[in-house]
Protein chains: 2
Amino acid sequence: MTLKDLARELGVSTATVSNAFNRPDQLSPKLRAHILTEARHLGYSGPDARARSLRTGRSRIIAVILAESLTYSLNDAVSSELLSGIAEVLDTRGHTLLLLSGRQNAASVPGASSIADGFIVYGLMPSLKLFSDLPPERPLVAVDFDIEDHATVHVDNEPACYAIARHALRTPTRRPAVINLRLTEQPCNGRIDDDQALLSAERTITRARLAGFQRAFAEAGIDPAEVPMWNIEENTFEVCTPVIEEILDLPEAERPDLLLCMSDRIALTVVTLAEQRGLRIPEDLRLTGFDGIAEGQYRAPRLTTIRQDSTEKGRIAARMILGMEPAESRVMTTEMMIGDTCP
Amino acid sequence: MTLKDLARELGVSTATVSNAFNRPDQLSPKLRAHILTEARHLGYSGPDARARSLRTGRSRIIAVILAESLTYSLNDAVSSELLSGIAEVLDTRGHTLLLLSGRQNAASVPGASSIADGFIVYGLMPSLKLFSDLPPERPLVAVDFDIEDHATVHVDNEPACYAIARHALRTPTRRPAVINLRLTEQPCNGRIDDDQALLSAERTITRARLAGFQRAFAEAGIDPAEVPMWNIEENTFEVCTPVIEEILDLPEAERPDLLLCMSDRIALTVVTLAEQRGLRIPEDLRLTGFDGIAEGQYRAPRLTTIRQDSTEKGRIAARMILGMEPAESRVMTTEMMIGDTCP
DNA sequence: AGGGTGGACTGGAACGATTTAGTTAGCAGC
DNA sequence: GCTGCTAACTAAATCGTTCCAGTCCACCCT
């Protein structure tokens, strides 16, 4: 049952049926009512979205391309908050959300994606071939990374990390350490040696966060090069655990008494594993996080962290895509939250 | 730049270009290579998904229609695990995920949805007009509710709740209580009075869970009608909090010493608020959850709960939609996890 | 009566691909 | 030289809409 069938059945033109569904003002109310009634009666449930999107060039679909697998992204608090902000705005404007992963089968991205009216890309590396395959005329907003000729949304990573490190270093500290998130060029889950290719040129956020920490170290008279660093490959409890166990199980003389973590997930894992070992927080171990996820604030000890509003970040990106606000480069401010883990 | 333009430019037919992209065996490798090279060169990034989906009738998009708002669904551990299972399967088969909410602007659903090749519907009520608007010939799988003529995926709610309640009632209990999730016909966030229209006929899961609890009560010689019940409208910390405060702040003689909760989120909120009040778990208060979310197992006290594998539930639904397994009615088993909150 | 106006409806050309049913050329076999 | 076969390619119909450019008619104004 197509629009054409329906038109023939009713003895009107296809244009009129189309108007009955799309432009009520173009035909008499009586005829319109008749058409809609008959449509329902004959089992026609409105114009086919496929044909419509071909003809109009618009689908009311916005694609979100995520750096990690969908599985990860949906479970991670930060990226699902981002998605939820995006969804919120799209929903109110009658748009829908298509989820794509830029990771494994990136092949499927260009194919499926050309159906979308716009793209929100989260945390990818700008060098990816992927970008050249996206239809160049449709809007694209980059979140948490930089790419030329496109709008971006960020938080003030460097100043925020500087501020929280400065706060942490006000309390005398013997052995500070940093737990990075996806910092190294090559995958590395564990201690970062001197000789490892350190900073991937493209990981702009991670680099900015580390730079903030290091600025505070230098200012406090600590040589940043002397501060031990670990790296975490994926922001999950499971992947964090072995690395953190390695740190906490160091002999007491070597064990850090301050851990600057690049995410709350990492920090929460530290809390869990430290509790299991009977370490007292903050007496034996102080730590800071990043993100300000809800889970970190529900229960004692509440995390000392940088709160970024990922939901709002998503809203902004969505509004930019829909043209509700200028698509420009935007840096959001964050807020330091002093919790119990580093008073 | 369209396929037709490219064909003209190269002096071949559109069919040949189409074959170059879709059926390598239909033309000489040499010509194919030439076409692909030139395509890239001239800025043609493959067949347009809109036109293709119109012509072939397939889009490689599966729509997931969620009962709650997208914002909620993306933040809730259970539904995002479900999504993640779905995404995992779709991803490996080159399909993508379109997220729709069946709630507020249900109007946008039929319009946008006819682009999808199939539908996974989560937790909706089958009476919704929505269903009649979906293209009837495309596959539909219902998750966590029943609808005629369609495949469904479930867990064994009643037996699972019976089992955990039985376990909880083995320890002598003076004042058991139940905290339901979305049980009442009319929205109600708080104590359920006798005169409230109790069981929405359509909320099959919730009803099944309560039935399981009540069977165990009866068996333990407790009149189910005497057990006080509360109701929670939305499975979030914020919405749970006032109700749980109401319960925990009852005079000690009235305060329940066993709380059977219909979700881990509710149970976790109880843990948080009980800790704040200095109540000892399980000495002063025992409680059980439902879902088995990761957050409930990380930190002490670990929840005593029913673990359902929502990720696997999603995988099954996705496989059914893609025809990788028979689309029939399926009941998954759950596992009781004895944690610290009700040993 | 003639001209102008505007509302209601229609015809048919796109939109950009896929696919069926060919056509053509080359070559082997007899 | 004819037939038959295959590989390589093409012409044209088709998918289900939308929307531009009209047509038609009733009505009003002068």
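**View 1. Leu99(A) and its contacts in the predicted model.** Leu99(A) touches Val64(A), Leu66(A), Leu70(A), Leu74(A) and Leu83(A), and across in chain B Thr96(B), Leu97(B) and Leu99(B). Residues up to four places away in sequence are not counted. Contact means heavy atoms within 4.5 Å.

**View 2. The nonpolar cores.** The largest nonpolar core holds 150 residues. Leu99(A), Phe213(A), Leu99(B) and Phe213(B) touch the most other members. Apart from this core lies another, of 40 residues, including Phe119(A), Leu134(A), Phe145(A) and Phe145(B). A core is a set of buried Ala, Val, Leu, Ile, Met, Phe, Trp, Tyr and Cys residues joined through side-chain atoms within 4.5 Å; buried means under 20% relative accessible area (1.4 Å probe, protein chains only).

**View 3. The surface near DNA strand C.** Sugar and phosphate account for 68% of the DNA strand C atoms that come within 4 Å of the protein. Helices H2 (14–22) and H4 (49–56) of chain A and of chain B each supply at least two residues. H4(B) gives the most, five. Helices are DSSP runs (H or I, at least four residues), numbered from the N terminus.

**View 4. Polar contacts to DNA strand C (N or O atoms within 3.5 Å).** A polar side-chain atom of Arg55(A) lies 3.1 Å from a base nitrogen. Ser18(B) places a polar side-chain atom 2.4 Å from a phosphate oxygen. For Asn22(B), a side-chain N or O atom is 2.8 Å from a phosphate oxygen.

Residues are numbered from 1 along each chain as written, and chains are lettered from A and ligands numbered from 1 in the order written. In this predicted model, local features need pLDDT of at least 70, side-chain atom pairs count only at pLDDT 80 or more, and totals for chains, interfaces and linings use all residues; side-chain values use heavy atoms, leaving out hydrogens and water.

Methods: A residue is near a molecule or strand if one of its heavy atoms lies within 4 Å of it. A polar contact is a pair of N or O atoms within 3.5 Å; within protein, one must be able to donate a hydrogen and the other to accept it, and residues adjacent in sequence count only if both atoms are side-chain atoms. Buried means under 20% relative accessible area, exposed over 50%, partly exposed in between (1.4 Å probe, protein chains only).
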